[in-house]
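Please walk through this structure with me, one region at a time. Keep the sequence at hand as you read.

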Amino acid sequence: MPGKLKVKIVAGRHLPVMDRASDLTDAFVEVKFGNTTFKTDVYLKSLNPQWNSEWFKFEVDDEDLQDEPLQITVLDHDTYSANDAIGKVYIDIDPLLYSEAATVISGWFPIYDTIHGIRGEINVVVKVDLFNDLNRFRQSSCGVKFFCTTSIPKCYRAIIIHGFVEELVVNEDPEYQWIDRIRTPRASNEARQRLISLMSGELQRKIGLKVLEMRGNAVVGYLQCFDLEGESGLVVRAIGTACTLDKLSSPAAFLPACNSPSKEVKEIPFNEDPNPNTHSSGPSTPLKNQTYSFSPSKSYSRQSSSSDTDLSLTPKTGMGSGSAGKEGGPFKALLRQQTQSALEQREFPFFTLTAFPPGFLVHVGGVVSARSVKLLDRIHNPDEPETRDAWWAEIRQEIKSHAKALGCHAVVGYSESTSICEEVCILSASGTAAVLNPRFLQDGTVEGCLEQRLEENLPVGCGFCHIPYDELNMPFPAHLTYCYNCRKQKVPDVLFTTIDLPTDATVIGKGCLIQARLCRLKKKAQAEANATAISNLLPFMEYEVHTQLMNKLKLKGMNALFGLRIQITVGENMLMGLASATGVYLAALPTPGGIQIAGKTPNDGSYEQHISHMQKKINDTIAKNKELYEINPPEISEEIIGSPIPEPRQRSRLLRSQSESSDEVTELDLSHGKKDAFVLEIDDTDAMEDVHSLLTDVPPPSGFYSCNTEIMPGINNWTSEIQMFTSVRVIRLSSLNLTNQALNKNFNDLCENLLKSLYFKLRSMIPCCLCHVNFTVSLPEDELIQVTVTAVAITFDKNQALQTTKTHVEKSLQRASTDNEELLQFPLELCSDSLPSHPFPPAKAVTVEKASPMGEGNFRNRSAPPCANSTVGVVKMTPLSFIPGAKITKYLGIINMFFIRETTSLREEGGVSGFLHAFIAEVFAMVRAHVAALGGNAVVSYIMKQCVFMENPNKNQAQCLINVSGDAVVFVRESELEVVSAQQPTANCQPSCTGGEVTT
């Protein structure tokens, strides 16, 4: 038996009253793992039972430890009738299976019931004894670490980045089984929760096995999703990047970073070459016939001669020569050949990372994406994963070929998503085509001389913008100019990417969030006809979303997009597209031209006047934006660049004639030359609408900036004041005379109002920046639009922030000491004015961030004032991979939780708004409890991956499914690193700012 699991049930508190006669409860606990169940004694007549059970021991295989959650059920004992369930706790054992991770899980867990929510808490201690067996046929993958973070985790260093791992498991959905007709909603919700945690355990184990096969020891950028396919089943799928990581041992490696994450990232993960002295041996022929032991499963000798590796990617005419300038040609070809040989064995050279070790990313080609529409009822045997695997393989193949067309051999910032409505399913995948440095892709470094050549050849700050494709056979018409930074290589005039801004990029001014929003009506149809209608609409939607992004980018006076995420959601009678990205002005790319409006309609005076008025508005907006985001690039005289621009007089004529044909070009190349305007043709009311919608985007109030990447470009003096929030809005459309325009307007207003309300609620934190703004749109049913946004607000002004943190600490002290009820670790206090009856009922909203005012350590010693004996006040939660002003010292494992909540008294719980608010607050509470039990004090890379909401207003019912994940960590404030640990300051117990606890 390879493992022993030991569980002890200590006590419970704040249990609900289950026995009406005595107003008390006779509680006992069932502990279940696999097929074994133990019970504690019944503790009679108490709401705070002290069981103090013996250790329950389960002897199990280590693969069961990975697959199964530990299930703890609290019940009320009834002598004559069936025992009533109070609630359950699922504990994931996986974090105890790493070598350097926590050794024990112990703490107070909220007891959760799918109908009533949290009902008290239970104190549990869990330990695991593992016997290591190195059986090659074993099915478990203990010891492989998982990280949600899409960059190399902070206290590790990557030795090799192996590449893409994916897995998919299918099961039938308990909600659609025949037995569901006779069992209670609670039973089927619990069957579903349990099934999903089993499936995600199995998925993680299978991915772990693939990683061990590649000789890796970790998965970074692990992204797991659920597809609720209805009748066809329940799919859980995951993708990630397999790596070999090495822990940075000495705390000396934590260099004193001056509060700026970008510097920190640069200095820590790669402080030296993986093995520095390989290049002393042998003659320095760039590619010796050398036997590498290679990362994919087998080891074999690699004889690389140029003939077999030059997998004709693009037409072979001078693979590197066209774009590489004079001296770079042979070198570039060599580099390419090596990286290619390193990526050749991999079926898909994809990386889910968005931030990389310095020197890993050589060039960026642009965004590649693929979508496909499938019918779920056409799957031959729905219980087997084959069909779905084939679907995904087909899409990945397409992405791979797009990347090759761009002269790139890898895709970074890769992600996959689905949107399902009845039997139609849209699969999407996207990423950024890139050329990578072979150094991190294989065991043993590349030959030394090549390394040095590479370092010399990459100009700092602009290398990644240079085009990887060949100028002579460009895959599409684009406008190239010489790089404004080094003047050697060619760059495109606009760059779209799905990754974070590289740390060494030169940026002028600040970034900003740019969103394109789009709705399209479609007729209700069945099966085949429906799928055809959708696939006919898709290309046009993509094209329009791109055009909108392009126009908005020009309007902001910027020339590159980072962190681009386009989602297309399918509903019964419409399709919605939402694209978010962070716009930036890259110094290496040409200055964007303005936007020029050209009308084709009859030349009557009033119309002309209208056009010139619009033109003036546009020009003003561009000027205003440049000022707002501090974009003032140095002027460059055209002679230096060798400008490809004709003389001004011819230019205007040339543009007019071009604009007719420019439609095909727009998606990839949307400005003509350096200072040229981008022409918007106005030939009907639709086009007029587009121009208007361009101008309606309201800039954030002064003191606020927003972006959807981890780090806001252009700001680096962060303070440690962070506040995460999640907000969900559900809006019901009136089904009367809906047109595309009305829909677009509705959707636009919804997103704008959501952002405005966030700015309003966070006004006390000015100056601040909303980072990692993550919008998710879904169409849960007819006429319902639901938008979920998660983000984190970080202040960046030193002197003001110091005062605010003090007041917050005081506030939380007062709150915590006020009343005994406050001892609940998870107060769900709603403000008195929390749920006003809306003047217009259709739009419902909920915003949640709870700072539980009491830390873990205080429960055992209730009389002690909070903060005196506990090192942390509340588990911090952030979607970023770092905590400003702090060092992450230990990763404790991945948190991956799935909850279902159902209610049959929606109105009494405060309507949709009250129901969602309470549920999200409970999810936060449960995540925090699990992290605290592992001994952590923060969750980083937190993401709410799904929030599926369904309501039936006539029956007063609603149901919501939420899936969240993140990395549990231990962090230490930088201020404390300097203080000797013996004298522990109390200031470290900063609660998250309480300003976010407002409900609308």
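The lining of the largest cavity divides into 18 nonpolar, nine polar and four charged residues. That makes a lining of 31 residues. This is a predicted model, and the cavity's volume is computed at about 490 Å³. The structure holds 18 cavities of 30 Å³ or more.

Which residues lie nearest the centre of the largest cavity? They are Tyr-90, Asp-92, Asn-896, Met-897 and His-930. Now look at the elements around them. Helix 1 (62-67), strand 6 (84-92) and strand 7 (104-113) each supply at least two residues of the lining.

Strand 30 leads us to a sheet. This open sheet has four strands in the order 29-31-32-30, and the pairing is mixed. Strand 29 (876-877) and strand 30 (886-903) stand at the edges. Each has a single partner strand, so one side of each is left without a neighbour in the sheet. Strands of a sheet pair through backbone hydrogen bonds, either parallel or antiparallel. For strand 30 and strand 32 (residues 957-973), the sense is antiparallel, over 16 bridges. Within this pair, Phe-898 stands opposite Asn-963 of strand 32.

Helices pack here as well. Helix 15 (residues 911-933) packs on the sheet and touches strand 29, strand 30, strand 31 (938-952) and strand 32. The direction of helix 15 makes about 140° with that of strand 30. Helix 2 (residues 185-213) lies across strand 30 and strand 32. Helix 2 runs at about 150° to strand 30.

Next, find Thr-114. Thr-114 lies in the loop between strand 7 and strand 8 (117-130). Is Thr-114 buried or exposed? With a relative accessible area of 1%, Thr-114 is buried. What does Thr-114 touch, leaving out residues up to four places away in sequence? The contacts are Arg-186, Asn-189, Glu-190, Gln-193, Ile-900, Arg-901 and Glu-902.

Finally, turn to another pair of strands. Strand 25 (residues 722-732) is mostly covered, with 10 of its 11 residues buried. Strand 25 runs antiparallel to strand 27 (residues 784-795), and 11 bridges join the two.

Definitions and conventions
Residues are numbered from 1 along each chain as its sequence is written. This is a predicted model: local features need pLDDT of at least 70, side-chain atom pairs count only at pLDDT 80 or more; totals for chains, interfaces and linings use all residues. Side-chain values use heavy atoms; hydrogens and water are left out. Two strands pair if DSSP finds at least two bridges between them. Contact means heavy atoms within 4.5 Å. Axes are lines fitted to C-alpha atoms, for helices over the stretch in contact, and angles run from 0 to 180 degrees between N-to-C directions. Buried means under 20% relative accessible area, exposed over 50%, partly exposed in between (1.4 Å probe, protein chains only). On a 1 Å grid over the protein atoms alone, a cavity is a set of points where a 1.4 Å probe fits but cannot get out, and a pocket is an open set with protein on both sides within 12 Å along at least five of seven lines; lining residues have an atom within 4 Å of a point. Grid points are joined across faces, edges and corners, and a volume is the space filled by probe spheres set on the points. Ala, Val, Leu, Ile, Met, Phe, Trp, Tyr, Cys and Pro count as nonpolar, Asp, Glu, Lys and Arg as charged, and the others, Gly among them, as polar.
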